[in-house]
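Good morning, everyone. Please take a look at the next slide with me.

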Amino acid sequence: MSTFKIKKGDTVKVIAGKDKDKEGKVISVDRKNNKVIVEGINKITKHEKPSMANQNGGIIQKEAPIEASNVMYVHKGKATRIGFKVENGKKVRYAKSTGDVVD
């Protein structure tokens, strides 16, 4: 299995689908299914029954998972690919467009 290049907290840009060209912050990453949930992207309408957590129930809007291949990391305002390299004995992510270390 290949290494996952998007992490929780990263700012990403959607490059395909109904929300193309929108940007948001990654809320969660599902490595097993290769999906990410991005804040404000791929919103769905869900009907919920009343429960202890939600007393009223009703219709709510929430983010649905999006395929990880449909998002790109945003570095200095531009979408870029992510690569890995070893620096000082540690494996780090870097932006391929600029060569800058991301984390």
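How many helices and how many strands are there in the protein chain? There are 0 helices and 10 strands. Helices here are DSSP runs of H or I with at least four residues, strands are runs of E with at least two, and both are numbered from the N terminus.

A word on the source. This is a predicted model, where local features need pLDDT of at least 70, side-chain atom pairs count only at pLDDT 80 or more, and totals for chains, interfaces and linings use all residues. Residues are numbered from 1 along each chain as its sequence is written, and side-chain values use heavy atoms, with hydrogens and water left out.

Now the overall form. The C-alpha atoms fill a box of roughly 55 × 30 × 25 Å along the principal axes. The radius of gyration is 17 Å, while a compact globule of 103 residues would have one near 13 Å. That radius is taken over C-alpha atoms, and the globule rule is 2.2 Å times the number of residues to the power 0.38.

Next, burial. Of the 103 residues, 26% count as buried. Buried means under 20% relative accessible area, exposed over 50%, and partly exposed in between, with a 1.4 Å probe and protein chains only.

Let's zoom in on one residue. Asp19 sits in the loop between β1 (11-14) and β2 (23-30). Why does Asp19 count as buried? Because its relative accessibility is 9%. Leaving out residues up to four places away in sequence, Asp19 touches Val14, Ile41, Asn42 and Lys43. Touching is contact: heavy atoms within 4.5 Å. The Asp19 side chain also reaches the backbone nitrogen of Asn42 at 2.6 Å.

Note on methods
Polar contact = N/O pair within 3.5 Å; in protein donor to acceptor, adjacent residues only side chain to side chain.
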